[in-house]
Amino acid sequence: MIVRTRFAPSPTGYLHVGGARTALFNWLYARKHGGHFILRVEDTDKERNTEEARQAIFDGMNWLGLAWDEGPEKGGDHGPYYQSQRNEIYDTYFEKLLAADRLYKDGDAYRFRFDRKPVTMNDLVCGEVTIDYRDASNTPDMIVRRSDGSYVFHFVNVVDDLEMKMSHVIRGEDHLMNTPKHLQLIEALGAQPPQYAHIPLILNADGSKMSKRDAGAAVGDYPRQGFLSEAVVNFIALLGWSSKSDDEIFSLTELIDRFSLEGINRAPGRFDLEKCKWVNQQHIAKIDTAEFADLAKPYVEAKGLPITDDYLTVITAVKEKVRLLSEVPDAIDFLVTDKIDYDPEATAKAKGNPNAAHIPALADHMETLTEWSADIAKAAIGEVAKANGAKPGQLMFPTRVALSGRAHGPDLGDIFTILGKERTIARLKAFAQ
């Protein structure tokens, strides 16, 4: 059997992180089994569909690296891949149900006559689920064609899955109760159903349902905020899936190798934007400095900061300190310009430190140095501290704040190297005034 999975979004808004996870799980399963991943656009809601939303879905999928094998912009043997262009196909299947005496008129609409029996499905995630159709008051016959001639979601969804030869339908748990309806339709059409796997919902960290307005909901926001696409894919994969190990950081290739439907949890995934930033930081640590410098460059330029001759050295100094590419400009601004925005809290703490009184002596001592390096500058701190009855570490914090305006940042040795002797001394003197 050739594995064929699909992602079938409606272009009525941006690509939501929940939809992205559904796409990812389908993509991973197809890649794991050497199959095909299909993108199908459910665009029959003419009033809500927009070209902007459609493009946002495509852009989001491409940014995440989830290339589809068949679908819009790719083509394939089972198109069209827009539901709005498939009406003749739906008409054919409608006629099949009419011929099988499974439809009847209800006003100007048509209803599908359920078989009044229990329907059991074996879901690959949720296990065995049974819906009893013997009580028509709980399970009324389903409309498949509305009075205006348009077809309902359940019908076109089933037809598309059959026509496109889906082997597996991996979708959100909110569709679980729809599946027995789909199985009845498929049985009435004399076809074999795909295998179903319903994945848990995504909740906010506090357990509330994740809405479109919540931070992190829109995939399109991630590149603007400075996330790496592989990191976001890694994080999304962990929302409801586990590798059954303590490992949490994976490349795309590693995710494909590790992914299985058995690893999907029954409990809802908890979305934590801080965890996503942590995952991003781990991915930043894995890429080489030259690539990091290239990725950070647009963010640096967008803040109006200069790309200096020692840009690569500057970037190297902050690579392990930032979680997002968008944090790079603020992390390096004091290194590439002479404008320092002193953090009030750090400044107050530094100036309240008795050892800040030794900053002028440190500047004077550094002026006597005939050579300059990180080690020589650090040694100067030790010498001045010792001469004034202090430990080197006690003078380092006021020195850091004097040079950078903040309490945290690159290694002090990197700051000395990048600023050089003259700029270092000038900042120490300015801070001491």
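Q: How many aromatic pairs does a search of the whole structure find?
A: The search finds 14 aromatic pairs; rings of Phe, Tyr and Trp (its six-membered ring) pair if their centres lie within 6.5 Å, and planes under 30 degrees apart count as stacked, over 60 as edge-to-face and the rest as tilted. Before we go on, note that this is a predicted model, in which local features need pLDDT of at least 70, side-chain atom pairs count only at pLDDT 80 or more, and totals for chains, interfaces and linings use all residues. Residues are numbered from 1 along each chain as its sequence is written, and side-chain values use heavy atoms, with hydrogens and water left out.

Q: What kind of aromatic pair do F94 and Y151 form?
A: F94 and Y151 form a tilted pair, with 5.8 Å centre to centre and 55° between the planes. This pair links distant parts of the chain, 57 residues apart: F94 is in helix α3 (residues 87-99), while Y151 is in the loop between β7 (142-145) and α4 (153-163). Helices (H or I, at least four residues) and strands (E, at least two) are DSSP runs, numbered from the N terminus.

Q: Which ring cluster includes F94 and Y151?
A: Ring pairs link Y90, F94, Y110, Y151 and F155 into a cluster.

Q: Is F94 buried or exposed?
A: F94 counts as buried, at 2% relative accessibility; buried means under 20% relative accessible area, exposed over 50%, and partly exposed in between (1.4 Å probe, protein chains only). Y151 is buried too, at 7%. The ring of Y151 also pairs with that of F155: their centres are 5.2 Å apart and their planes are at 40°, so this pair is tilted. F155 is buried, as is Y151.

Q: Where is Q184 found, and what is Q184 in contact with?
A: Look in helix α5 (residues 179-188) for Q184. Q184 is buried, with a relative accessible area of 1%. Leaving aside neighbours within four places in sequence, Q184 is in contact (heavy atoms within 4.5 Å) with R102, F112, F114, D115, V119 and Y133.

Q: And where does G13 lie?
A: G13 lies in the loop between β1 (4-7) and α1 (17-32), and G13 is partly exposed at 21% relative accessible area. Beyond neighbours within four places in sequence, G13 is in contact with A53 and I57. The C-alpha atoms of G13 and Q55 are separated by 9.9 Å, although these residues are 42 apart along the chain.

Q: How are two packed helices described?
A: Two packed helices are described by the angle between their axes and the distance between the axes. Here, the axes of α11 (residues 311-318) and α12 (residues 328-336) come within 10 Å and cross at roughly 125°. That makes α11 oblique to α12. Axes are lines fitted to C-alpha atoms, for helices over the stretch in contact, and angles run from 0 to 180 degrees between N-to-C directions; angles under 35 degrees count as roughly parallel, over 145 as roughly antiparallel, 65 to 115 as roughly perpendicular and the rest as oblique.

Q: Which residues make the contact of α11 with α12?
A: V314, I315 and V318 of α11 meet V328, A331, I332, L335 and V336 of α12. By class, the contact has 8 nonpolar, no polar and no charged residues; Ala, Val, Leu, Ile, Met, Phe, Trp, Tyr, Cys and Pro count as nonpolar, Asp, Glu, Lys and Arg as charged, and the others, Gly among them, as polar.

Q: At what angle do α14 and α15 pack?
A: Helix α14 (residues 359-367) and α15 pack at an angle of about 130°, with their axes 10 Å apart. These two helices are therefore oblique to each other. A361, L362, H365 and M366 of α14 make the contact with A377, A380, I381, E383 and V384 of α15. By class, this contact has 7 nonpolar, 1 polar and 1 charged residues. K386 lies in α15 (residues 374-387) and is exposed, at 71% relative accessible area.

Q: What should I look for in the backbone?
A: Most residues other than glycine have a negative phi, and most peptide bonds are trans. In this model, the bond from G79 to P80 is cis, with omega near 0°, and P80 is found in the loop between α2 (51-64) and α3. E73 has its place in the loop between α2 and α3, and its phi is positive, near 70°. E73 counts as exposed, at 58% relative accessibility.

Q: What is the phi of K244?
A: Phi of K244 is near 65°, a positive value. K244 has its place in the loop between α7 (229-237) and α8 (252-258), and is exposed, with a relative accessible area of 61%.
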